[in-house]
Amino acid sequence: MKIGVVSQWYPPEPVFVPGSLADELVARGHEVRVLTSFPSYPGGHIYPGWRQRWQDTTTTGALTVRRVPQRASHGRSAAGRTVSYLSFAATSTLAALSYLAHVDALYVYHPPATTFAAAAALRRLRRTPTLLHVQDVWPEAVTASGLAPAGVTGRFLAAGLTSVMRRLYQGASAIAVTAPSMQQLVVERGAAPERVRTVLNWTDESIFRPVPVTAQARAAIGHRGRCTVMFAGNMGRFQHLETAVRAAAAVRDHLDLVLVGSGVDQEQVIRLAGTLGASNVRFLARRPPEQMAELYAAADYQLVCLRDLPALRATIPSKLQAALCCGSPVVAAVAGDAARLVETAGVGLTCPPEDWQALADRFSQVAGWSRERRADLSARALRLYRERMALQVGVDQIEDMLMKMTHEGARR
């Protein structure tokens, strides 16, 4: 098949799903054309060494990547992000009319919703079948992010986005979602049930994998020979890491918490740790991706922490897949699908989100578990990932959806 991939973000940005999908489809004998922009995520600035231009195409074997200009922005400004999304929608649609004119099927990575603009144009002009891969539930992911305005303006924005998403769901030939509850939400909002399928995300398997524990990695996270829980990733409003800091402060005599990364709430969380006198909470700056597997191995457990929002109950955060692929047991302060997955697979403990006392209790429990029990949890974690979330498993399902919708379109 000739497959088009449309995503505003693509490697070398740390948005690995479209890139690994494209590479794997090529390995399976397909011809793939990627339409994306110049790398700027997550900082919101074009990467050093890159210069935006209209004609930027690279071909490697059966994989061709074309980048089109955008107005890069990924800060706290809602206006800035909106302009960024709309700029890519415009340039990608214009390029797609010729660049993706003869593909058999399109794969569109969402968010943002504006990425679907190119697919909509091709569906109208050429009836190209399109698979929409939904990673976040909109409008909730926008309105709960802190970027959307409040009051009447916020409600107007939410209503408008809800209407837009309904049209997108109805316009897609097939929809892949990343969690069972998300599948239900998408159907409730206009998608035909028979067109929607849950495909659990994989992680970047070139980075996250089981590795031996090293003294250097233990030193890097400040491991003091007692139970250490690590959170790695974005310190943003959806993560609500205040819960984790308060919980760790309550069990400071038994457990250490290491927070690796950065984000808009980082300074606020650091101040809280200082106010509470939480000397067992340590902060590490964002590390190069290639170092993360060793850091995961150096900790005893990985923390998955989210706010208590309806949209987040229908998601499985990417840091869960990363932990499982490394064979790391987890402590998960989450609700919904992610909590059920952890509980049913027996790969760690869960507690309600935003409940620091419950999380402190879970911290105390895992601090008392034996090395043998942790080893059993580690084996369960790796088995769960390989059987249900691995790249091969996910691409099997995406490829099947692409082929089926192409055959259905050919019969019409």
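Guide: Strand β9 (residues 228-234) pairs with β10 in the parallel sense, over 7 bridges. Two strands count as paired if DSSP finds at least two bridges between them. Helices (H or I, at least four residues) and strands (E, at least two) are DSSP runs, numbered from the N terminus. Across this pairing, Phe 231 stands opposite Leu 259 in β10.

A note on the source. This is a predicted model, in which local features need pLDDT of at least 70, side-chain atom pairs count only at pLDDT 80 or more, and totals for chains, interfaces and linings use all residues. Residues are numbered from 1 along each chain as its sequence is written, and side-chain values use heavy atoms, leaving out hydrogens and water.

Now the other neighbour. β10 also pairs with strand β11 (residues 281-284), again in the parallel sense, over 4 bridges. Here Val 258 has Arg 282 of β11 as its bridge partner.

β9, helix α8 (residues 242-250) and β10 form a right-handed β-α-β unit. Right-handed means that, with the strands pointing away from the viewer, the path from the first strand over the helix to the second runs clockwise. β10, helix α9 (residues 266-276) and β11 form a right-handed β-α-β unit too.

Last, burial. Strand β10 (residues 256-262) is largely enclosed by the rest of the structure, because 6 of its 7 residues are buried. Buried means under 20% relative accessible area, exposed over 50%, partly exposed in between (1.4 Å probe, protein chains only).
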